[in-house]
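User: Could you take a close look at how the helices pack in this model? I would enjoy a connected walk through the details.

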Amino acid sequence: MTAKQLKNLTNKGIDKVIETSTTKTLDFEEKTEDLELLSEEKLLTKPKKLPLSKRGTAIEINHVDFYYQHGNKQALFDINMKIKENTVTAFIGPSGCGKSTILRSINRMNDLVEGTALEGEIIVNKSNVYDPGVDVARLRTEVGMVFQKANPFPMSIYDNVAFGPRSQGVKDKAALNQIVEDSLRKAALWDDVKDYLKDSALGLSGGQQQRLCIARAIAMRPKILLMDEPTSALDPIATLKVEELVLKLKDEYTIVIVTHSMAQAARVSDYTAFFLQGELVEFDKTKKIFTNPKDKKTEDYISGRFG
Ligand SMILES: Nc1ncnc2c1ncn2[C@@H]1O[C@H](COP(=O)(O)OP(=O)(O)OP(=O)(O)O)[C@@H](O)[C@H]1O
Ligand SMILES: [Mg+2]
């Protein structure tokens, strides 16, 4: 497929990303290498940040099969992937392909669904999160989650953010104040709410509520943030704010984001995983997936031919 043909197939958002980040004279292979060099060069100017290729593994998924309904329904088939630290990875694929199932397996949220079973292993922090004896509550503080629909607790903005640290035993008022402020700042919500911390969180707009949920997750000081379609209920401006936030947060966290928006995946992620019917079809650098996918099924999906 020529560059022009592929470009015609992709939607406007992706076009923009591809257009602004590539030079017209190179072929796709060269473009990808060129981009990698460019971004690595840029990263190296920031002392703490390693190039993508040198970053360690945050999550390792080995031979994962997943079943619902007491084994009667298999939702995932032999999933294998390594997700790098301080990167954003997008999970894409048509409805029902297993994106949420694999995401929720990482911090054992699926344990809450009766009749589920997982085979294989998921390594976080050098140990398998499914090993017997794993402290699941602790795992979920290290691997935080943000859901599709913002779900603030019916309490004040302050208490929402302080909830996790309090439940972990932080009582000191000054320490709590500091955590609440830091978390709200990181979630780009502090300026909006600093004078209304005692007001109910339910009075915030949808976009603000979603950023509050991100602040609440951050307050637990996780290493990994899982986000399941965090902007699907938001308007374009609120969506953009959350996307900017994701890009900022990856300096400190490893982020996995499920999205139905190809443009969003292209805008925010370093790596993209394409799932289809419970299988991982392709997992690669986002630019590669969107400019030169290996698999015909990936190409069909990103070009809108199905799903
Ligand atoms: N609680 C459940 N009980 C039984 N089957 C389930 C359950 N949750 C999900 N499934 C099934 O597992 C498969 C994968 O579902 P999953 O929710 O992971 O898909 P998804 O890719 O997140 O879809 P969407 O884009 O619509 O959110 C589907 O066939 C779905 O019907
Ligand atoms: Mg889902």
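Analyst: Happy to. Helices here are DSSP runs of H or I with at least four residues, strands are runs of E with at least two, and both are numbered from the N terminus. Axes are lines fitted to C-alpha atoms, for helices over the stretch in contact, and angles run from 0 to 180 degrees between N-to-C directions. This is a predicted model, in which local features need pLDDT of at least 70 and side-chain atom pairs count only at pLDDT 80 or more, while totals for chains, interfaces and linings use all residues. Residues are numbered from 1 along each chain as its sequence is written, and chains are lettered from A and ligands numbered from 1 in the order in which they are written.

Let us begin with helix α6 (residues 157-167) and helix α7 (residues 173-186), whose axes lie 9 Å apart and which pack at an angle of about 115°. That makes α6 roughly perpendicular to α7 (angles under 35 degrees count as roughly parallel, over 145 as roughly antiparallel, 65 to 115 as roughly perpendicular and the rest as oblique). Their crossing is right-handed, the term used if the near helix is turned clockwise from the far one by less than a right angle. On the α6 side the contact is made by Y158, V161, A162 and P165, and on the α7 side by L176, I179, V180, S183 and L184; two residues are in contact if their C-beta atoms, placed from the backbone, lie within 7 Å. Eight of the residues in this contact of α6 with α7 are nonpolar, one is polar and none is charged. Here Ala, Val, Leu, Ile, Met, Phe, Trp, Tyr, Cys and Pro count as nonpolar, Asp, Glu, Lys and Arg as charged, and the others, Gly among them, as polar.

Now for another pair. Helix α9 (residues 206-218) and helix α10 (residues 236-249) have axes that come within 9 Å and cross at roughly 20°. That makes α9 roughly parallel to α10. The crossing of α9 and α10 is right-handed. From α9, the contact draws on G206, G207, Q210, R211 and I214, and from α10 on A238, K241, V242 and L245. The residues of this contact of α9 with α10 comprise four nonpolar, three polar and two charged.

A word on confidence: pLDDT is the predictor's confidence in each residue, from 0 to 100. The chain has a mean pLDDT of 86, with 84% of its residues at 70 or more. Over residues 1-47, however, the pLDDT is below 50. Where pLDDT is low, the predicted coordinates should not be read in detail.
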